[in-house]
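Please keep the sequence and the 3D view open while you read.

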Amino acid sequence: MLKQLLTMICVCALVIGASAQGAPAQQGQSKDPAADRAQAPPKPPEPSQPVNIRLELTILDQTGPGEPSRKVVTMHVADRFSASIRTSGWVLTKEGRRDVSINVDAKPTVLRNKEGAVQVELGLSYQPTGLAATGNVATAAEAGSAQTGLNERIVTILENGKPLLVSQASDPSLDRRISVEVKATILK
C-alpha cells in the first residue's frame, strides 16, 4: 500500500509539473520579457510636421593643389518624407564615351526633442569622369583608365541652417579627394 501511495504522489507531481510548464503565464505575460516585447504592438510613428526642409548637398571634387570643383544638389522635402534626384550624362574621352551621374536619396526628420535639429538619411552615388577636377589630366594613362565613383549611405543629425562635412573619401587610383557637405534648413 505504501508503494501505491508513493507511485500516486509521483504521478501527481509529474502531472502538476507538466501542466505548470505548458500553461500560459498569468495575466497574459510570459516568463520571457523579450518575448513580451516582440508580441507588443508596434508604437505608431510620430506624425510629420507641416514643414519643408531645404537640403543642400555640395560635392567637392579635388585633384592636386588648387580649388576643388563643386557640384550642388538642392531639394525641398516635407518632414519625414523621401525624395530622390537622378542626374546623368556622358562625356567623350580618348577611350570613348563615359557615363557620368549624381544620384541623391534623402529623408529628413525634424527632431522634436532637440530644437532646430534635423536627422537626415542620405544616399549618394556620384560617378564623375575619370579626369581631374580642374579638367587637366596628370598622365595619359590616368585619362584613359580612371573610372572614379563614390557610393555612400549616411544617417546624420544636422543643426538648422548649418553645413556639416559628412564625408571625405580618397580616390584609390588618383590623387583625388571627394568631400560631401550637407545643410538642412527648416522652412516655416
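## Inside the model

Leucine 158 counts as buried because its relative accessibility is 1% (buried means under 20% relative accessible area, exposed over 50%, partly exposed in between, with a 1.4 Å probe and protein chains only). This is a predicted model, in which local features need pLDDT of at least 70 and side-chain atom pairs count only at pLDDT 80 or more, while totals for chains, interfaces and linings use all residues. Residues are numbered from 1 along each chain as its sequence is written, and side-chain values use heavy atoms, with hydrogens and water left out.

Leucine 158 sits in strand E6 (residues 150-159); strands (E, at least two residues) are DSSP runs, numbered from the N terminus. What does leucine 158 contact, leaving aside its neighbours within four places in sequence? The partners are Gly116, Ala117, Val118, Val120, Leu164, Val182, Lys183 and Ala184, where contact means heavy atoms within 4.5 Å.

Leucine 122, in strand E5, is buried as well, with a relative accessible area of 6%. Not counting residues up to four places away in sequence, leucine 122 touches Leu57, Val104, Asp105, Ala106, Glu152, Arg153, Ile154 and Val182.

| Pair | Sequence separation | C-alpha to C-alpha distance |
|---|---|---|
| Leucine 158 and glutamine 119 | 39 residues | 6.2 Å |
| Leucine 122 and glutamate 152 | 30 residues | 8.0 Å |

A search of the whole structure finds one cavity of 30 Å³ or more; on a 1 Å grid over the protein atoms alone, a cavity is a set of points where a 1.4 Å probe fits but cannot get out, and lining residues have an atom within 4 Å of a point. The largest cavity has a volume of about 60 Å³, a volume being the space filled by probe spheres set on the points, which are joined across faces, edges and corners. Its lining includes Leu122, Val120 and Val182. Strand E1 (52-63) gives the most to that lining, with three residues. By type, the lining has nine nonpolar residues, no polar ones and one charged (Ala, Val, Leu, Ile, Met, Phe, Trp, Tyr, Cys and Pro count as nonpolar, Asp, Glu, Lys and Arg as charged, and the others, Gly among them, as polar).

Strand E1 also holds aspartate 61, which is buried at a relative accessible area of 1%.

How values were computed. On a 1 Å grid over the protein atoms alone, a cavity is a set of points where a 1.4 Å probe fits but cannot get out, and a pocket is an open set with protein on both sides within 12 Å along at least five of seven lines; lining residues have an atom within 4 Å of a point. Helices (H or I, at least four residues) and strands (E, at least two) are DSSP runs, numbered from the N terminus.
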